[in-house]
Amino acid sequence: MIKSFQHTNRHVRETGYSICKQIFSISDPQLLESEVAPKFAPNLIFGLDDNWSEVRYSASVATRELLLKAGPYKENYYPFLIQRMVSFFFFDFFNFFLLKK
C-alpha cells in the first residue's frame, strides 16, 4: 500500500491516503504509535506536497486523523509534517487569492 503514495496515477495516490486515514482511525493509540505510524506517517509528506489538490486534501485529512489519534505522541511527527502543512496552506492561499483574475 505504501507504494500507492508515489504512484503515477493521482486517483491511486488519493485512494491510498484515504485508506491510510481509515487505518489511523481504527488503530488503537498504542498500536498506532508502535506499529502503524512509523510505517505510514513519513509517507504523508508526499501527499501534502502533491501537484493535485485532491491528493493534497486526502493526505491532509489522513494527517489530521494521525495527529488526533496520536494524542501525546503527536509531537513526534511535527518535525517532518509541519513544514509540508504550512507550505500546503500558503500554496493554496497564494493560488486562490493572489493569482485569481
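This is a predicted model: local features need pLDDT of at least 70, side-chain atom pairs count only at pLDDT 80 or more; totals for chains, interfaces and linings use all residues.

User: Where does Ser58 sit in the secondary structure?

Analyst: Ser58 belongs to helix α4, which covers residues 53-70.

User: Is Ser58 buried or exposed, and why?

Analyst: Ser58 counts as buried because its relative accessibility is 6%, and the cut-off for buried is under 20%.

User: Which residues does Ser58 touch, leaving out those up to four places away in sequence?

Analyst: On that basis, Ser58 touches Glu14, Tyr17 and Ser18.

User: How do the axes of α1 and α4 lie relative to one another?

Analyst: Helix α1 spans residues 10-26, and its axis comes within 8 Å of that of α4, with a crossing angle of roughly 15°. The two helices are therefore roughly parallel, as angles under 35 degrees are counted that way. The crossing of α1 past α4 is left-handed.

User: Which residues make that contact?

Analyst: From α1, the contact is made by Arg10, Arg13, Glu14, Tyr17, Ser18, Lys21, Phe24 and Ser25. From α4, the contributors are Glu54, Val55, Ser58, Ala59, Val61, Ala62, Glu65, Leu66 and Lys69.

User: How do the residues between α1 and α4 divide by class?

Analyst: The contact of α1 with α4 has seven nonpolar, three polar and seven charged residues.

User: Turning to α2, how do the axes of α1 and α2 run?

Analyst: The axes of α1 and α2 come within 11 Å and cross at roughly 170°. Angles over 145 degrees count as roughly antiparallel, so that is how α1 and α2 are described.

User: Which residues meet there, and what classes are they?

Analyst: Cys20, Ile23 and Phe24 of α1 meet Leu32, Val36 and Phe40 of α2. By class, the contact of α1 with α2 comprises six nonpolar residues, with no polar and no charged ones.

User: How far is Pro42 from Leu81?

Analyst: Their C-alpha atoms are separated by 8.1 Å, although Pro42 and Leu81 are 39 residues apart along the chain.

User: And Asn43, buried or exposed?

Analyst: Asn43 is also found in the loop between α2 and α3. Asn43 is buried because its relative accessible area is 13%. Not counting residues up to four places away in sequence, Asn43 touches Ile2, Phe5 and Tyr17. Tyr17 is likewise touched by Ser58.

User: To finish, what is the secondary structure of the whole chain?

Analyst: The protein chain has five helices and zero strands, in the order α-α-α-α-α along the sequence. Of its 101 residues, 34% are buried.

User: What share of the contacts join residues at least 24 apart?

Analyst: Among contacts between residues at least 6 apart in sequence, the share joining residues at least 24 apart is 59%.

Key:
Residues are numbered from 1 along each chain as its sequence is written. Side-chain values use heavy atoms; hydrogens and water are left out. Helices (H or I, at least four residues) and strands (E, at least two) are DSSP runs, numbered from the N terminus. Buried means under 20% relative accessible area, exposed over 50%, partly exposed in between (1.4 Å probe, protein chains only). Contact means heavy atoms within 4.5 Å. Axes are lines fitted to C-alpha atoms, for helices over the stretch in contact, and angles run from 0 to 180 degrees between N-to-C directions. Angles under 35 degrees count as roughly parallel, over 145 as roughly antiparallel, 65 to 115 as roughly perpendicular and the rest as oblique. A crossing is left-handed if the near helix is turned anticlockwise from the far one by less than a right angle, and right-handed if clockwise. Ala, Val, Leu, Ile, Met, Phe, Trp, Tyr, Cys and Pro count as nonpolar, Asp, Glu, Lys and Arg as charged, and the others, Gly among them, as polar.
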